[in-house]
Structures are given as C-alpha cells and as structure tokens.
Amino acid sequence: MKHLSRILPVFAVAAVFATQAAAQGSDSCSTPQAIAGTGTFSFITGTTGTEGQANALCNQFGQPVIANDVWYAWTAPSTGSFTLSACGGTSIDTKFALYAGSGCPAGGPLVCNDDFCGLQSQGVFAPTSGSVYTIQFGVFPGTAGGSGTFTIAQIGATCPSSTGPDVIVGGITGPSNYAAAGGIDALSLGSDACNIGSAVVQWTAGNNLHPVFGGTAYRYKVVNGAGRFEQVGRSWLRHGSLALANELCCTCTNPGTGALLGIGCANFDTAAGNGTQSGLGPRWQVNANTGVFTFPPANPAFAGSTARRLEIATSDLEATGAGTRYFGECMYVTQDDAAAGNQNNNASYRELTVSGTTDFTFGFTGATQISIPAIGAWQVVDPTVTLTNVQVAGDGLFIIGSKATSLGGGIYHYEYAVYNQNSDRNGGSFSVPIPAGASISNIGFRDG
C-alpha cells in the first residue's frame, strides 16, 4: 500500500490556511499592536488595565472585566462578516472585546465574548474595508494569564447567499478525545451549522426531515520524497434534534421554533454531543445526494470507548510535524438543502494537531475553512496538486486529485485521490491510462 511510483485512489482533503503573525499584543491601549487582515496572531497576556473594564456587553457571568489584557489595532481587509476566535489556539480562559476605532476605547464594544468553545472565546462582527478596530484580548477575571493564538477569518457567506435552504458548516470546534483501545484511537468534532439560504432548514426530531452530520479525518504525509493524502478515519452520524437561533455566519431571523433553522441562524453542536455513542446512526442508511435516510436509524450493539466515534487506527497516527499533517472535516446532509441544489457547499475542514505515541491527543490549529471540502487541503499543502470536479448527472460530486513527483532518472511517483463528497452511486472503478513502453512498479491502493 505504501510504495513508490504507486497508484493511490483514496478519499482526500483541501483548504486555505491562515498565516501566523509575530504580534504578541501591547499592554497599553494607547499604543496597540498593529495587525491587519486575516490569519493567526500570537498573544502573551499582560497586566490588567483600567480601560474597557465597565462595558455592559462584557458583563458575562457577573464580571465585566477583561483581566491581564493586551491590545491590538486591526485593519479590516474588506467589508463583510468576520470571526475572531481563540478556539483551539490556547488552553487559558480567554475573554475579548472589539471596538470601533484605534486606541483606548471611547465607547462600548461592538462584540464581547467570554466562553464559546469551552473556556475559549469567539465572536462575529461586521467591519468596513480599510477601517481600524481595537481588540482588547485577555482572560476571565480570577483566572491565570498565558499565551497562545487567536484567528481572524472572513466568513465566506453573504446572507442569504443562495436560494432556498442552505446549511453549511460555519465552524468546527472541540475536539473531544477518547481513550485508545485495541489499536484504535478516537475523537469527535463539534460542528456549527449556518443557514446561509433564503429559506428555513427543516430540523424536525421525530422523522427524517432533519440534517445528519459527522466527522472524517485525513492525513498528509511525505513518504520517500513524495506527498500523500489519505482518509484515515470517519465517524457515524448524529441526527439533528433541536435547532438553536445563534449567530455565527449571518444575522439570524429567529423562526420561533427548534424544528427550523432560521434564515441566517446558526446551531452549535458540541464535540461531546457529537461523540455521544448512543445518539449516532450509520452512514449506510443515508443517501448523501438527496439527503433521504431511514428513520429511526439502525442501532446495532456496540462496546468500547471508540465505537461509532471518529475512529483512527493508531498505526495511522504520529505526532504532527516533520512532513505529517492531519485534517478534520465535518459535513451536513439534509433533504431540503439537497432539493434546492445546495448540497455541494456542505463540507468544511480544519487542521488537526496530533501528539502522543500510543494514546494520542488531538487539537486544532488555524481556523475552519468554510465550505471547502477536505480534499482542497492537499492543494494548499502542495499548490502543484491538480483538483478536478466531476459532477455526476442526477447524482453527486466527486473531486479528483493528482500529483506527479519526479524521483530523478526519468522515474516519477504518481498519487491520485478520489474524493466522493455526496454521490450515492459511489465509484465502481478507477483506472489510469498507461502509455506504451512505460514500466510500472509498486502499485498501491487504499480506500475509506
């Protein structure tokens, strides 16, 4: 399976990664650290100042104060919706506020957040291109300061940006880690759904008029001088049962019922909830193209800490770095979204970190790459990779990835990845034309 000059059809991944800036933050709001655009920015918390500490919007859990704060002056690269998020970037109990203008705040913040993904903060705001905004970033009072990163990312959707119901993954959160057993490790990914369409999304608990969603994992690894992208794990599916009316991607129009995800509204499903084994159903009962599935789902017996969760063989895991990277993908499938022709933007991914040797720990780095299916990450890691969309008439979408790497002496290593995003028919065969006189060796294959 793992050889040079091989043919490798696998399910794979794709995206746009944020860049890391050198900023650490200024301890004084009168001289904020200048940053600009989207990306990942470093922080080291400072001392608790007196400015920006009595805002009603920041009075969360009875505490308006942002302790150990540092300050940034951020210039917006464009007009639209953006997220500022510490999710996955630190382990401390973060809290932040964002104000219009540069320097010490003269009024209340545009957004303030304490806990969004566990103890880390995240918020959505709508800047104007070229304008400067002040960020006050610190911790919840009474908790320890520290260091880490936060990301600023533009939300890809202008809402409503499509006709009819249109559910996407607006954020991937968590992850939750579970004990390895029997050569298998497991995690679960939190998924934030956004309805960016012009109509509500059905979210009814008692029938099959609701979304199903789950997680998949992929690995990029340099092997004998050539990059390889493979699917290494997948979970069973959670069934949507109650839609919330949060805001993440757009301004929410609350429909007044949990049986509908309103126009512009977001629903947050935590990694812990998505990893609750008893609530997960099989993929094989779901038509990924139409969103039709059997309800209630099959519920065969299971045992152990990894069953039904996003399982990965420990033999496919190693600490990230030195040419190895991992990616987690979440995707929604639901009938009304598919009937409106909006099912091809339902997958998003986020880069994972992996540490450990036998029982591994998973984390995140960077921001969620919204409406970019996982195979796109391969092309971001290696811009010379070619990706080709193949839309099957009356069925779903395949994305084919390919890369040829010269090994010298006229020898080339070829990698192919076939990503089935939502085809119910699936792929029955894969072939590569071989020119006359070519010598082929070390053919390998792996499927998901």
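# Briefing: salt bridges, pocket and cavities

E351 is buried at a relative accessible area of 11%, where buried means under 20%, exposed over 50% and partly exposed in between (1.4 Å probe, protein chains only). The model is predicted: local features require pLDDT of at least 70 and side-chain atom pairs pLDDT 80 or more, whereas totals for chains, interfaces and linings use all residues. Residues are numbered from 1 along each chain as its sequence is written, and side-chain values rest on heavy atoms, with hydrogens and water left out.

**Overall fold**

- The chain comprises 3 helices and 27 strands, taken as DSSP runs numbered from the N terminus (helices H or I, at least four residues; strands E, at least two).
- The chain is as compact as a globular protein of 448 residues, because its radius of gyration of 23 Å is close to the 22 Å of the globule rule; the radius is taken over C-alpha atoms, and the rule is 2.2 Å times the number of residues to the power 0.38.
- Along the principal axes, the C-alpha atoms fill a box of roughly 75 × 55 × 45 Å.
- Buried residues make up 52% of the 448 in the chain.
- Among contacts (heavy atoms within 4.5 Å) with a separation of 6 or more, 74% join residues 24 or more positions apart.

**Salt bridges**

- The structure contains 9 salt bridges, each a side-chain nitrogen of Lys or Arg within 4 Å of a carboxyl oxygen of Asp or Glu.
- D316 pairs with R219 at 3.7 Å, N to O.
- R446 belongs to the segment after β27 (411–420), 130 residues from D316.
- D316 counts as buried at 8% relative accessibility, as does R446 at 12%.
- E351 and R325 form a further salt bridge, their closest N and O atoms lying 2.8 Å apart. E351 is in strand β23 (residues 347–355) and R325 in strand β22, so the pair ties together parts 26 residues apart in sequence.
- R325 is partly exposed, at 27% relative accessibility.

**Largest pocket**

- The largest pocket holds about 570 Å³ of space.
- Its lining has 26 residues, with R234, R283, A288, N420 and Q421 nearest the centre.
- β15, β16 (226–234), β22 and β27 each give two or more residues to this lining, and β15 gives the most, with 6 residues.
- The pocket lining has 12 nonpolar, 10 polar and 4 charged residues; Ala, Val, Leu, Ile, Met, Phe, Trp, Tyr, Cys and Pro count as nonpolar, Asp, Glu, Lys and Arg as charged, and the others, Gly among them, as polar.

**Cavities**

- There are 2 cavities of 30 Å³ or more.
- On a 1 Å grid over the protein atoms alone, a cavity is a set of points where a 1.4 Å probe fits but cannot get out, a pocket is an open set with protein on both sides within 12 Å along at least five of seven lines, and lining residues have an atom within 4 Å of a point. Points are joined across faces, edges and corners, and a volume is the space filled by probe spheres set on them.
- The largest cavity holds about 160 Å³, and T83, Q122, G170, A367 and T368 are the closest to its centre among 17 lining residues.
- The second largest cavity holds about 100 Å³ and is lined by 14 residues, including L189 and G214.
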